[in-house]
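Q: Can we go through this one together? I'll ask as I look.

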Amino acid sequence: MSSKKLNFQYRYGFSVPEVSIFKAKKGLSKKLIKKISQLKNEPSWMTELRLKAYQVFINKPMPTWGADLSKINFDEIIYYLKSTDKPKSSWEELPEEIKETYDKIGVPEAEKKFLAGVSAQFESEVVYKSIQKQLQKQGVVFLDMDSGLREYPELVKEYFSKIVSIYDNKFAALNSAVWSGGSFVYVPKGVKVTLPLQAYFRINAQNFGQFERTLIIADEGSYVHYIEGCTAPIYTTSSLHAAVVEIFVKKKARVRYTTVQNWSKNVFNLVTKRSRVEEEGVMEWVDCNLGSQVTMKYPSCILAGEGARGEVLSIAYASSDQVQDAGAKMIHLARNTSSRIISKSISSRGGRTSYRGLVHVGKNAYNSSVYVSCDALILDEKSRSDTYPTMKIENNQVDVQHEATVEKLGEEKILYLQSRGIKKSDAEGLLVNGFIEPITKEIPLEYTVELNRLINLEMSGSVG
Amino acid sequence: MKKIVIKNILNQEKKLIFDKPGDYLVFFENLSGNLIFDIKSSGVNLKILGLYIGRKNQVFKINTFQNHYQPSSTSNLLIKGVFYDQSRFYYQGLIRIEKDAQKSHAYQKNQNLLLSDEAFVFSEPKLEILANDVFCTHGSTTGRLNQEQIFYLQSRGLTKKQAEKLLVDGFINEVKENLG
C-alpha cells in the first residue's frame, strides 16, 4: 500500500471566501443575543427564551462523562453569521461562491433526483430553498426555522422547546440561546409526503459554530422522511456544532429522520435529538456518524401514547483522533409500546467508539418490548470500543433484550477473499461494508454509495 | 477445576486475582457490593455464576468487574435473578480488556425474571475494549415468565402457582447445573 493512500484527504475539504453581511464578534454575551433576536425581528417570547437559555448555559457545568470537551473554547466561537439578507427562492439568485460550493457537493444534481425540496444551510442562514408545488398543494410546510417562526408564530410557540427544554443540557441551552437556521416542517393530518425532504448543512467560516434548530410536527396519520447530510470544509481551529432537533409524532403518524454526517475532523458535534411519539405513532432515527473530532449524540424517543413505536439504527466510524460517543434513548411511558435499537460501530487507527444508551420502561408501560443490539468491530490494536447500555425496568409485563458483541474482522473470511484474488484492503472494505449493511440498506441509495466509498477509502491500508 | 464460593463481601468490595493458568469457578448468591476479578495470567478459564432471589423489600446492588490484563484467557459471567414483591435489583457489570490482553474471550450475561408488578431491575452491562484481537459479548434480558408455557402447564392440570414455580425452578437451574 502506498503511503499516499494512507492519508485520506477529506473529500469536501475546500473553503470559499466568506460573503457575510453581518458577522458577530467572537464570544457570547447578552447583548449579542439581543442583537441576533433583533436582527431576525423575533417576537418577544423568543427573545426572552434566548436570554433565559443563555443564563442556563452559563450556570450549567460541562458534562463530566463521555468524551473530553475541554478543548472547546466558548470565547473563540462566532455565534452568529448571516450570509445573505433573506433566503433566496431560486438557484440563479445565489451568490457565485455559494453556488460553487454546492456544485461540489452536488446539490443541483441531487435536486434533479426527485428531491421534494432542497434547503441548504450555508453559514447559519438558509439561503436556498425550493419547495415543489406538490408539497404546497398538500399543505406541507417546509421552511427554514427563521421563516417558520415569522410565518407560523403560533405553531412554533406551541411546540418550540417543548421536548428539549432549555434546562435539558448545557449544549441544548446554548443552542436555544443562539439558534439560527435549521428546518421547520409541518405535515397536516393524513398527508403522506412520498419524497424525502432534504437539507444540506454546511459550516463555512473559520471558527464558526453552527447552531441550527429543527422542529418537525407530523400531524395525525401523516408520514414524512427528513434527511440531513452534513459536509464541512477543513479548518485549523475547532468548530462547534450544537444542534437541537425536536419531533412531534402525532397519533398514527410516522416520521423517519435520516442523518449522514461527515463533519471534518476538527468539529465538535454535540447534538440533542428527541421525539415524542403519540398513540400508534412510529418514529425512526437513522443515524450515520463518520466525521467530526468528537460526536456526542443520543437520538431519543419518548413513547408517550399507547402502541407507539421507536427505532434507532446507527452507524459510527471512528478513525485516528476521533471519538464517536453515540447511542440512543428509549423511554416507554405507555402500554404496548415497543422499541428497537441497532447500533454498529467501527473503530480503526486509534479511534474510539462508544455506544451509550438508555432504555427506561416506566410503571405504566405494560406489555412493552425492547430489543437492543450493539455490534462493534475493532480493526487494530490502537483502537478502542466501549458499550455503556443502561436498562431501567419498572414493571413486569415487559420483554427486554440487550446484546452486544465486540470482535475483529474474521481472518478466515479475509484469507478466503484473498485466495479468490481480492486485495487484502479491498477484502477488508468488503467485510466492513457487509457489517454495516443492515443499516445502509435503510438509507437512500446515493448516501449508501457515498458511505461505502468513504469506508473503502478509510479502509485502504488501515489494517496491516 | 477450582471452586470458590463467595459467602460475603466485606467493606463493599472483594477482589479475586487469577495469576495462574487453570479452570476456576466462582459462585455467589444474593450479595451486594463490588466483585473484582483480575485476570493476570494467560490460560485462565474463569466461570462466574451469580444467583439472586429477591423477596419483600430486599434490595441488591452488585457491581462486577472482569479485568483482563493478560492475553489468551477466558471469563464467562452469568447472573440470574428472580424478583418477587417489591424487591429491587441493581446490576452493573464491566468487561475491560487492556491493550496487552489480546486473544481474550469475555462473556457477560444477566437474565432477570420479574414476578411482581412492583419489582424493579436496573441492568447496565458495560464493555471497555482496548485490544483488537478479542471476542466479547454481553447480553441482558429482563421480562416475565413465558405466558404460553404457563398456559400449557395449566392445560395439563397444574395450578398457576405450580406452573410458575416449575418455570422459575427451570430458570434457576441453569446456574445450578453449571455449579456441578
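A: Two terms before the pairing: two strands pair if DSSP finds at least two bridges between them. Helices (H or I, at least four residues) and strands (E, at least two) are DSSP runs, numbered from the N terminus. This is a predicted model, in which local features need pLDDT of at least 70, side-chain atom pairs count only at pLDDT 80 or more, and totals for chains, interfaces and linings use all residues. Residues are numbered from 1 along each chain as its sequence is written, while chains are lettered from A and ligands numbered from 1 in the order in which they are written.

Q: Which residue stands opposite B:Phe122 in β10(B)?
A: A:Lys392 does.

Q: How many residues of chain B are in contact with chain A?
A: 31 residues of chain B, against 30 residues of chain A. Contact here is C-beta atoms, placed from the backbone, within 7 Å.

Q: Which elements of chain B give two or more residues to that side?
A: β10 (120-129) and β11 (135-143). The largest share, 10 residues, comes from β10(B).

Q: What is in chain B overall?
A: Chain B has 2 helices and 11 strands. From the N terminus on, the order is β-β-β-β-β-β-β-β-β-β-β-α-α.

Q: Why does the radius of gyration of chain B agree with a compact globule?
A: Because a compact globule of 180 residues would come out near 16 Å, and chain B has 18 Å. The radius is taken over C-alpha atoms, and the globule rule is 2.2 Å times the number of residues to the power 0.38. The C-alpha atoms fill a box of roughly 55 × 35 × 30 Å along the principal axes.

Q: Switching to chain A. Where does α11(A) bend?
A: At A:Gly434, by about 35 degrees, with the proline A:Pro438 following within four residues. The bend is the angle between axes fitted to the seven residues ending there and the seven starting there.

Q: And A:Glu42, where does that lie?
A: In the loop between α2 (30-39) and α3 (44-59) of chain A.

Q: Why does A:Glu42 count as partly exposed?
A: Because A:Glu42 has 18 C-beta neighbours inside 10 Å. A residue is buried at 20 or more other C-beta atoms within 10 Å of its own, exposed at 12 or fewer, and partly exposed in between, with C-beta atoms placed from the backbone.

Q: How far apart are A:Glu42 and A:Leu149?
A: 107 residues in sequence and 7.7 Å in space, C-alpha to C-alpha.

How values were computed:
Two residues are in contact if their C-beta atoms, placed from the backbone, lie within 7 Å.
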